[in-house]
Amino acid sequence: DTIRGKKSLMVLIFEYGINKGYLPPSFTNDYLDDFKRKNIKTSNPIYPRDHVFTKEELEIIWTNIPEYLSATIMHGKFGLLQGLRCSEICGLFWRDIDLEKNLIYVRNASTTAGFYRDMKSEAGARTLPILPAFISDIKNFLEISLERNITEEDLVFPRKIFRKYPIGHFHSNSNPKESIDANDIAKIYRKIFTKEKFPDFWRWNGMKDELIVQSHAFRRTFA
């Protein structure tokens, strides 16, 4: 495996150093023999994006997102309850949600690299049944969104509804340029769930402390 291979490589390097006189002969007895016998294990760093939320953690998340950012809760639930990727959630138009047939048509993606319409690949474009327990949430969110005079051609999550934490200028609901992406959502989560207020939500990833409240974690919890 990877650990065993790296260990063998290091032994070869040490032996080469001893044979060439780069390392003292005592190095064999002092270190190398012990190194060969040592059972080396990985440090198992925690990768926050792979975190699976507990019910208690989800309750903390939902209750601590400010009311004026309720769209952030819905964004998370599309990943948690429907298994959508962050880019797919950000690319949803209201026409993609059929509340008569209770279906979601995944056709677009809003990424940090741009907005992609009408995806054709099987891994991207697909039709999903709406989880029965999620239907009422979507209907409530639609009712709130109708106050902005939306149409089916408007984005479900336009940049403007996250304006409490400005992420740029906006002009309409339907222009793909007004869509958000994973970086925008991550920025919002980091501002809400700071390390000072929510230390248990920050984990060491092997290089730095990182927030576990991430869009991918909601989708992973769904899986």
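**Notebook: ring pairs**

I started with Tyr 22, which is exposed, at a relative accessible area of 61%. My cut-offs: buried is under 20% relative accessible area, exposed is over 50% and partly exposed is in between, with a 1.4 Å probe and protein chains only.

I noted that this is a predicted model, where local features need pLDDT of at least 70, side-chain atom pairs count only at pLDDT 80 or more, and totals for chains, interfaces and linings use all residues. Residues are numbered from 1 along each chain as its sequence is written, and side-chain values use heavy atoms, with hydrogens and water left out.

For pairs, I took rings of Phe, Tyr and Trp (its six-membered ring) with centres within 6.5 Å; planes under 30 degrees apart are stacked, over 60 edge-to-face, the rest tilted. That rule gives twelve aromatic pairs. One of them is Tyr 16 with Tyr 22, tilted, at 6.3 Å centre to centre and 50° between the planes. Tyr 16 is partly exposed, at 48%.

Next I looked up Phe 53 and Phe 218: also a tilted pair, 4.9 Å between centres and 45° between planes. Phe 53 sits in the loop between helix 2 (26-37) and helix 3 (55-64) and Phe 218 in helix 8 (residues 215-222), so the pair ties together parts 165 residues apart in sequence. Helices here are DSSP runs (H or I, at least four residues), numbered from the N terminus. Both Phe 53 and Phe 218 are buried.

I also found a cluster: ring pairs link Phe 78, Trp 94, Phe 134, Phe 141 and Phe 157.

How values were computed:
Helix = DSSP H or I, 4+ residues; strand = E, 2+ residues; numbered from the N terminus.
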